[in-house]
Structure formats: C-alpha cells, structure tokens
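Here is a short report on one protein. Look over the sequence and the model first.

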Amino acid sequence: MDSLRSLRLLPWSSPEGKPCFLDAEGEGTGYVSRLADETEALQLAEGLDVLGEARRVLEDPVSPHVAVRYAAVRLAECLAGALRVAESRGRRAAGR
C-alpha cells in the first residue's frame, strides 16, 4: 500500500497551516480518529447551515454588499472544509 494512502488526512491543520495526518492502520479505534470523525461531521453540518443562510442573502436582490461578501467568505470556508473531508474519505476508500 502506498504510504500516503495509509495516512488519514485530518480535518485540521497545524499552527503553521500544514496538513495533519494520522496513521490509518488502527483507524476508527483511537481518540484522534473519533475526534476527526466528529469534526468532519460538524464541518459538513455547518456547511449546510451556511448554505441555507447564503441562499437567503443571495435570493434577496436588496441584500447589502457586506452581507453578500460575508456569505461568500463563509461559503468559501465551508467549501474548503468539505473538500478536505472529501479528500480524506477518498484516500481512505482508495486504500481499502
């Protein structure tokens, strides 16, 4: 197995902004793995909430510029989180 595939991409970065990985050998059994699962679930749920709020702002033709910009910033943050979850899960699926 490719060494990168045996590592789980975690849903957070180091203080320097670098990706964090977990040895996926005993995946699903440890504290960090469970914390990562919970964090991913929260990120995806937050994305759904932000999407609903953003749709309301974007559907209103008189939404103030600052509200539209805030919605865009939050959508970008949530998209980055969702893409990271997708990459992590894709790596794990490819390794099986």
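What percentage of the 96 residues of the protein count as buried? The share is 24%, where buried means under 20% relative accessible area, with a 1.4 Å probe and protein chains only. This is a predicted model: local features need pLDDT of at least 70, side-chain atom pairs count only at pLDDT 80 or more, and totals for chains, interfaces and linings use all residues. Residues are numbered from 1 along each chain as its sequence is written, and side-chain values use heavy atoms, leaving out hydrogens and water.

The protein has 2 helices and 2 strands. Their order from the N terminus is β-β-α-α. These elements are DSSP runs: helices are H or I with at least four residues, strands are E with at least two.

Strands β1 (residues 7-13) and β2 (residues 19-23) pair in the antiparallel sense over 4 bridges. Pairing requires at least two DSSP bridges between two strands. Arg 8 stands opposite Leu 22 in β2. The hairpin of β1 and β2 has 5 residues between the strands, and Gly 17 there takes a positive phi near 85 degrees.

Helix α2 (residues 65-95) holds Arg 74. Arg 74 is buried, at a relative accessible area of 17%.

| Side chain | Partner side chain | Distance |
|---|---|---|
| Arg 74 | Glu 46 | 2.5 Å |
| Arg 74 | Glu 77 | 2.4 Å |

Leaving aside residues up to four places away in sequence, Arg 74 touches Glu 46 and Val 50, a contact being heavy atoms within 4.5 Å.

How values were computed: Buried < 20%, exposed > 50% of the residue type's maximum accessible area, 1.4 Å probe, protein only. Polar contact = N/O pair within 3.5 Å; in protein donor to acceptor, adjacent residues only side chain to side chain.
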